[in-house]
Amino acid sequence: MNDKDFIRQLEEHQRELSQLIHRRLPVLIGRMAKDHFQNNFRLQGFLNNGLTRWPETRRQQSGGKSAASQYGPLLSRHNHLFASIKYTPGDASVIIANDVLYAPLHNWGGSTHPTVTDKMRKFAWAMFYKEAGIKRAKSGKTKKKRMSAAAENPRASRWKALALTKKTKRNIRMPQRQFIGDSRELSDKVQQKITTEIHNILNA
């Protein structure tokens, strides 16, 4: 096929190509991107020129027996962060986003300084008892057991430290666990999809 024939084909299929570019591709690419970024959660890392695995969480490193300890980074029973990846098609464009408040902190890493409130301390005590595997009581025997459990259980010990801290602000450093962003593998898939769709129109 020479250049003139190719241009003629483009002119003959101008309407279909315009609809593809302005309406169909934003939806197709948006769906592909969402699937690609959600798959990062299953891979437990970010796929861009190969897989960069996410750092393990403290709960993973502690080897806890609770159900929450069995989930990988950024995963939970509700998988809220995973489920909140969305795409919004526009005219010849598409926006991929995650509007969860803490999504940027996980995606790029960084520090946060939440206020330690009475409600937070109460929650920390509840989590301490849960991680220590004991029931709340006022007896000295239970108190001794509680301290012993905290010393042996890193997760319980951390909750106890939060409950007893005198600080009003707590510094939390979050390592980067990127799940959304530029990806060579996604770009290659998108380019292949565009080529296939144009080929299908021109050869219909």
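Colleague: What does K193 count as at 27% relative accessibility?

Modeller: K193 counts as partly exposed at 27% relative accessibility; buried means under 20% relative accessible area, exposed over 50%, and partly exposed in between, with a 1.4 Å probe and protein chains only. The structure is a predicted model, in which local features need pLDDT of at least 70 and side-chain atom pairs pLDDT 80 or more, while totals for chains, interfaces and linings use all residues. Residues are numbered from 1 along each chain as its sequence is written, and side-chain values use heavy atoms, without hydrogens or water.

Colleague: With which residue does K193 form a salt bridge?

Modeller: Side chains of opposite charge can pair when their charged atoms come close. K193 pairs with E197, the closest N and O atoms being 3.2 Å apart; a salt bridge requires a side-chain nitrogen of Lys or Arg within 4 Å of a carboxyl oxygen of Asp or Glu. Both residues lie in helix α9, four residues apart, about one turn of the helix. Helices (H or I, at least four residues) and strands (E, at least two) are DSSP runs, numbered from the N terminus.

Colleague: How many aromatic pairs does a search of the whole structure find?

Modeller: The search finds four. Rings of Phe, Tyr and Trp (its six-membered ring) pair if their centres lie within 6.5 Å; planes under 30 degrees apart count as stacked, over 60 as edge-to-face and the rest as tilted. The F41 and F179 rings have centres 5.3 Å apart and planes at 50°, so this pair is tilted. F41 lies in helix α2 and F179 in the loop between β6 and α9, so the pair ties together parts 138 residues apart in sequence. Both F41 and F179 are buried. For W125 and F128, the ring centres are 5.7 Å apart and the planes stand at 85°, so that pair is edge-to-face. W125 is partly exposed, at 24%, while F128 is buried, at 0%.

Colleague: Which residues do ring pairs link into a cluster?

Modeller: The cluster contains F41, W54, F82 and F179.
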